[in-house]
Amino acid sequence: MIAPKTLVRAAFVAAASVGLATTGVAGADTFIPLPGAAISESLGDGTAVTVRIVGESATISPSMGATPLHRNVWVSASAQVELSAPARSKIKPGYVVGCQVNIAGGGTNGGANYSTDLSGERQSAGGSLGGNLSLGPGQAEKFYLLDLEAPDAFGSESHRPFSSLAGTSGSVSWRNSTIGLAGCAGYAQARAFAEVEVETATAKEVVTVWGQPFSLG
């Protein structure tokens, strides 16, 4: 059995740490502590599932583009799952980024698609790996943090945006992963999420927890 706590780093974790900086100084980084989130649900067979986002923060950095159309943010957090009975689970953490769109309306439950109440949003069913996005007004897009390599059934290289776990608990952590946004002239926000697919002998369900939206500067 896999050890109760499994730690997986995001594929593009930055090597250098970003320190706290004083706000109000031109060109300085701005550190934003975030509250994280938690949700608890019961599967059809009675298995209790709790998914949390903990230790969440964002650091807004001066963009390499040095224009109002470019934003650069470093994000850190940990997605955790706890089960009342052993089961197989997959954790897929990521972020939704929006340009002049309300991304607080995504709800808290299930499914792989992100949606808002704005009809002009760009949908991304499977998400896109990597955090460099180009969005116009009224658009939002979801991307996953993980890019784990593994051979497929034929021995070829494949990539997956999730970490597979077994047992009653596990976690995926990331530190100083980049969200880069280009093309947004208005206000921009991002929001963390963690999708956890849990499968038991008699039930299968996706439970999603959403973090608090935060400004990209």
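Predicted model: local features only at pLDDT ≥ 70, side-chain atom pairs only at ≥ 80, totals over all residues.

Colleague: Good to know. Let's start with cysteines: how many disulfides does the count come to?

Modeller: The count comes to 1 disulfide. It joins cysteine 99 to cysteine 184, with an S to S distance of 2.1 Å.

Colleague: Where do those two cysteines sit?

Modeller: Cysteine 99 is in strand 4, while cysteine 184 is in the loop between strand 10 and strand 11. They are 85 residues apart, so this link is between distant parts of the chain.

Colleague: Are cysteine 99 and cysteine 184 buried or exposed? And what is the handedness of the disulfide?

Modeller: Both cysteine 99 and cysteine 184 are buried. The disulfide is right-handed, because the torsion about its S-S bond is about 90°.

Colleague: Nice. Changing topic: how many residues are in the largest nonpolar core?

Modeller: That core has 43 residues. Val51, Tyr95, Val97 and Phe214 are the ones with the most contacts inside it. As a general point, nonpolar side chains tend to be buried together in soluble globular proteins.

Colleague: Which strand gives the most to this core?

Modeller: Strand 4 does, with 11 residues. The elements that give two or more residues are strand 3, strand 4, strand 10, strand 11 and strand 12.

Colleague: You mentioned Val51. What does valine 51 touch?

Modeller: Leaving out residues up to four places away in sequence, valine 51 touches Ala37, Ala38, Ile39, Gln80, Val81, Ala194, Val196, Val207 and Val209.

Colleague: And how many residues are in the second core?

Modeller: The second core is separate and has 7 residues, including Val101, Ala140, Tyr144 and Phe193.

Colleague: On to the aromatics, then. How many aromatic pairs are there?

Modeller: There are 5 aromatic pairs. In one of them, tyrosine 95 and phenylalanine 143 have ring centres 6.2 Å apart and planes at 25°.

Colleague: Why does that pair of tyrosine 95 and phenylalanine 143 count as stacked?

Modeller: Planes under 30 degrees apart count as stacked, and the planes here are at 25°, so this pair is stacked. Tyrosine 95 is in strand 4 and phenylalanine 143 in strand 7, 48 residues apart. Tyrosine 95 is buried at a relative accessible area of 0%, and phenylalanine 143 is buried, also with a value of 0%.

Colleague: What about phenylalanine 193 and tryptophan 210?

Modeller: Those two form a tilted pair, 5.5 Å centre to centre with 50° between the planes. Phenylalanine 193 is in strand 11 and tryptophan 210 in strand 12, 17 residues apart. Phenylalanine 193 counts as buried at 0% relative accessibility, and tryptophan 210 counts as buried at 9%.

Colleague: Which residues form the aromatic cluster?

Modeller: Tyr95, Phe143, Trp174 and Phe214 form one cluster.

Colleague: You promised me a serine. Is serine 76 buried or exposed?

Modeller: Serine 76 is buried, with a relative accessible area of 8%. It lies in strand 4. Its side chain reaches the backbone nitrogen of asparagine 176 at 2.8 Å. Among the residues serine 76 touches are Tyr95, Trp174 and Asn176.

Colleague: Last topic, charges. How many salt bridges does the count come to?

Modeller: The count comes to 5 salt bridges. In one of them, glutamate 82 pairs with arginine 52, the closest N and O atoms being 3.3 Å apart. Glutamate 82 is in strand 4 and arginine 52 in strand 3, 30 residues apart. Glutamate 82 is partly exposed at 34%, and arginine 52 is partly exposed at 27%.

Colleague: Which salt bridges share partners in a network?

Modeller: Those joining Lys92, Lys142 and Glu195 do. Lysine 92 and glutamate 195 have their closest N and O atoms 3.7 Å apart. Lysine 92 lies in strand 4 and glutamate 195 in strand 11, so this pair ties together parts 103 residues apart in sequence. Between glutamate 195 and lysine 142, the closest N and O atoms are 3.0 Å apart. Lysine 142 is in strand 7, so that pair ties together parts 53 residues apart in sequence.

Colleague: And is glutamate 195 buried or exposed?

Modeller: Glutamate 195 counts as buried, at 5% relative accessibility. Lysine 142 is buried as well.

Colleague: Great, thanks!

Definitions and conventions:
Residues numbered from 1 in each chain as written. Heavy atoms only, no water. Phe/Tyr/Trp six-rings, centres within 6.5 Å; stacked < 30°, edge-to-face > 60°. Helix = DSSP H or I, 4+ residues; strand = E, 2+ residues; numbered from the N terminus. Buried < 20%, exposed > 50% of the residue type's maximum accessible area, 1.4 Å probe, protein only. Core = buried A, V, L, I, M, F, W, Y, C linked by side-chain atoms within 4.5 Å. Contact = heavy atoms within 4.5 Å. Polar contact = N/O pair within 3.5 Å; in protein donor to acceptor, adjacent residues only side chain to side chain. Salt bridge = Lys/Arg side-chain N within 4 Å of Asp/Glu carboxyl O. Disulfide = S-S within 2.5 Å.
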